[in-house]
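Dear colleague,

Please find below the structure that I am handing over to you. My findings follow directly after it.

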Amino acid sequence: MHSCFERVGFMVLIIGVCLILRPDVSFGASMPMGNIMSDTMLHKKVESIRERRYRELIEQETDFSCGAASLATILKYAYQRDEVTEVSVLEGMMKIADPELVRVQGFSLLDLKNYVEKIGFRGRGYEVAPDTLDSVSIPVVVLLDIEGYKHFVVMKKASGDRVYVGDPALGNRVMSREDFMAAWNNIIFAVVGDGYDRNNPLLKPSQPLTAHMMGDVFAPVSTQNLIDFGFRHADLM
């Protein structure tokens with residue numbers, strides 16, 4: 001059965017106060033920093049742990065909408081389709097999928113392909129050899145099998161021993177290459193079409209807060225790399 005992890009609240013310590021974060025509440029705020037100059041108050045935007053976790057990622061709201069949320073993330077942040085939401089993608093996918101099959105098995109890669117092609121994009125599925133994973137230079141949807149649960153996520157980038165994942169259920173996270181390979185089926189799904197932003201923020205995931213965080217360098221993607229994934233020159237004008 002295709003299912004995704006249930007969302008849970010995250011307990012974090014923010015400015016000395018322990019808060020339980022609900023899924024529908026954002027706790028980012030502007031924090032007064034004190035008088036830097038006479039009669040002047042400087043405010044600095046404070047980002048909560050939860051906001052950081054879901055930065056540039058659309059969170060799934062149902063246990064079967066990880067595919068819709070992953071697609072919506074790519075459409076919004078790689079193609080600047082700001083009007084796209086998980087709900088709009090979910091409704092569109094339900095119109096072209098078999099509802100009974102979705103209730104039992106969830107959405108398939110074919111459902112994702114049919115949806116993006118209905119809205120004017122091209123859906124491309126590729127089998128990728130494990131030793132060439134680093135060559136995937138655009139954000140793609142992948143299906144992970146985590147302890148028997150089939151779960152769509154956005155793979156942003158693979159570099160070294162890390163794979164950067166936008167998980168619509170758990171947030172942005174970094175998986176070890178070993179764990180990713182154990183859960184992945186070697187298939188990637190790319191959304192290809194006009195309006196792709198080759199400098200989109202999904203290609204620049206937040207680095208782990210460690211001393212060696214500068215080890216990964218995300219270089220600009222060449223036109224030839226994009227053409228290899230099915231883009232046309234007209235898409236990149």
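Are Phe-180 and Trp-184 buried or exposed? In this predicted model, both Phe-180 and Trp-184 are buried.

**Aromatic pairs**

The count of aromatic pairs comes to 4. In one of them, the ring centres of Phe-64 and Phe-107 are 6.4 Å apart and the ring planes meet at 45°, so this pair is tilted; the angle lies between the limits of 30 degrees for stacked and 60 for edge-to-face. Phe-64 and Phe-107 are 43 residues apart, and their pair links distant parts of the chain. Phe-64 belongs to the loop between helix H1 (49-53) and helix H2 (66-78), whereas Phe-107 belongs to the loop between helix H4 (99-105) and helix H5 (109-118). Phe-64 has a relative accessible area of 29% and is therefore partly exposed. Phe-107, with a value of 3%, is buried.

The buried residues Phe-180 and Trp-184 also form a pair: their ring centres are 5.4 Å apart with the planes at 35°, so this pair is tilted as well.

**Backbone angles**

Most residues other than glycine have a negative phi. Glu-56, which is not a glycine, has a positive phi of about 50°. Glu-56 is placed in the loop between H1 and H2 and, at 29% relative accessibility, counts as partly exposed. Asn-186 likewise has a positive phi, near 70°, and lies in strand E10 (residues 184-192).

**The second largest pocket**

The second largest pocket holds about 170 Å³ of space. Its lining consists of 13 residues, of which Gln-105, Gly-106, Phe-107, Ser-108 and Asp-111 are the closest to the centre.

H4 provides the largest share, with 3 residues. By class, the lining of the second largest pocket has 6 nonpolar, 4 polar and 3 charged residues.

With kind regards

Notes:
Residues numbered from 1 in each chain as written. Predicted model: local features only at pLDDT ≥ 70, side-chain atom pairs only at ≥ 80, totals over all residues. Heavy atoms only, no water. Phe/Tyr/Trp six-rings, centres within 6.5 Å; stacked < 30°, edge-to-face > 60°. Helix = DSSP H or I, 4+ residues; strand = E, 2+ residues; numbered from the N terminus. Buried < 20%, exposed > 50% of the residue type's maximum accessible area, 1.4 Å probe, protein only. 1 Å grid on protein atoms, 1.4 Å probe; cavity = no way out; pocket = protein on both sides within 12 Å on 5 of 7 lines; lining within 4 Å. Points joined across faces, edges and corners; volume = space filled by probe spheres on them. Nonpolar A, V, L, I, M, F, W, Y, C, P; charged D, E, K, R; others polar.
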